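Biologist: I would like to go through this model with you, one question at a time. Please give the cut-offs as you use each term.

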Amino acid sequence: MDELRRLLDRLWRDYAALNPQVAAIHALLSAEGETIVNDHIALRTFGDPRVDIAALGRPFVRAGYRAAGEYRFPDKRLVARHFAHDDPALPLVFVSELVLEDCSAALREQVDRLLAQVPDATLAAPDLAAAGRPWQVSSAEVEALRRESEYAAWLAAFGWRANHFTVLTNALTRHRELASLVTFLEGHGFVFNKGGGAIKGSAAQGLEQASTLASVVPVAFSDGERAVPGCYYEFARRHPGADGRLFRGFIEGSADRIFESTDRRA
């Protein structure tokens, strides 16, 4: 469990340092007297057996997590799985991967070039999910990937780290309703992903989600620094099912649009 705590802490610290929205949103919610609880963490990877969902999920499984749901996003050539722990205080972990065999030969070759730069020790490390970007890549190469897959471009630019954390609005008091929180944060200048509506999902489905658009941050590439969309913050409200228990999975249609929070917007 200590290994898990260290990994979660490392993922959080890296994410909070990369996403300038985090400190500002926490300050606003703290001023409202709110306590922030994390619902889930999202990780991204390539569908290569050395670094696929199973590889990133391994340290969580060792710590008692179990695979609890599988999802497909054919238009984006992605699959995903979420992992859950019996301890309700631990966040869900949502891991997605790019299905390389569904991509062009050029994209697969570029991914091979990136992964060839990763040391064996990094691939075998228990904290692969927090390894960051262990390869050199140019902004031109990332742009070439983006023309086929925004997801691949983000991974090439940022590597393995938390793509987002998620505030569970059920644990809030003044902004327990997701619509209230979105209105509050928009009033303070935060811009939300409106694809499919600011709030995706419904109480009937068991889950409502909203996310900011990723902050544009400077990234060092082999051909110089460029500003690209980095990480975003998500917010989720979970609802009980017929059995009275909160829904603990994800909705494919909603998640499909949430992925777009890191798309380049110009």
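Modeller: Two strands are said to pair if DSSP finds at least two bridges between them. Helices (H or I, at least four residues) and strands (E, at least two) are DSSP runs, numbered from the N terminus. This is a predicted model, in which local features need pLDDT of at least 70 and side-chain atom pairs count only at pLDDT 80 or more, while totals for chains, interfaces and linings use all residues. Residues are numbered from 1 along each chain as its sequence is written, and side-chain values use heavy atoms, with hydrogens and water left out.

Biologist: How many bridges join E2 to E3, and in which direction do they run?

Modeller: E2 and E3 form a hairpin with four residues between them. In the turn, arginine 77 has a positive phi of about 60°. Within the pair, glycine 69 has histidine 82 of E3 as its bridge partner. The two strands run antiparallel, and the bridges that join them number seven.

Biologist: What is the order of the strands in the open sheet?

Modeller: The sheet has eight strands with mixed pairing. E3 and E4 run antiparallel, joined by six bridges, whereas E5 and E10 run parallel, joined by five bridges. The order is E2-E3-E4-E1-E5-E10-E7-E6.

Biologist: Which strands are the edge strands?

Modeller: From one strand of the sheet to the next, the twist averages 20°. An edge strand pairs on one side only. The edge strands are E2 and strand E6 (200-202).

Biologist: Which residues of helix H2 are buried, and why are they on the same side?

Modeller: The buried residues of H2 (residues 21-31) are Gln21, Val22, Ile25, Leu28 and Leu29. They lie on the same side of H2 because the arc they cover around the axis, taken from the directions from the helix axis to the C-beta atoms, is only 135°.

Biologist: What covers the buried residues of H2?

Modeller: On the other side of H2, Ala23 and Ala31 are exposed. The cover over the buried residues includes helix H1 (2-18), helix H8 (178-186) and strand E10 (232-238).

Biologist: Is alanine 236 buried or exposed?

Modeller: Alanine 236 is found in strand E10. Leaving out residues up to four places away in sequence, alanine 236 touches several residues, including Asp39, Thr166, Leu207 and Glu208. Its relative accessibility is 0%, so alanine 236 counts as buried.

Biologist: Which residue meets arginine 237 in a salt bridge?

Modeller: A salt bridge is a side-chain nitrogen of Lys or Arg within 4 Å of a carboxyl oxygen of Asp or Glu. Arginine 237 is buried at 10% relative accessible area. The pair, at 2.9 Å from N to O, ties together parts that are 60 residues apart in sequence, because arginine 237 lies in strand E10 and its partner in the loop between strand E5 (162-168) and H8. That partner is glutamate 177.

Biologist: How many salt bridges does a search of the whole structure find?

Modeller: One of them joins glutamate 260 to lysine 76, with the closest N and O atoms 2.9 Å apart. Glutamate 260 lies in the segment after helix H9 (252-258) and lysine 76 in the loop between strand E2 (66-73) and strand E3 (78-84), so this pair ties together parts 184 residues apart in sequence. The search of the whole structure finds 19.

Biologist: What does the count of disulfides come to?

Modeller: A disulfide is taken as a pair of cysteine sulfur atoms within 2.5 Å. Cysteine 103 is buried at 6% relative accessibility, and cysteine 231 is buried at 1%. The count of disulfides comes to zero.

Technical notes:
Buried < 20%, exposed > 50% of the residue type's maximum accessible area, 1.4 Å probe, protein only. Contact = heavy atoms within 4.5 Å. Axes fitted to C-alpha atoms, helices over the stretch in contact; angles between N-to-C directions.
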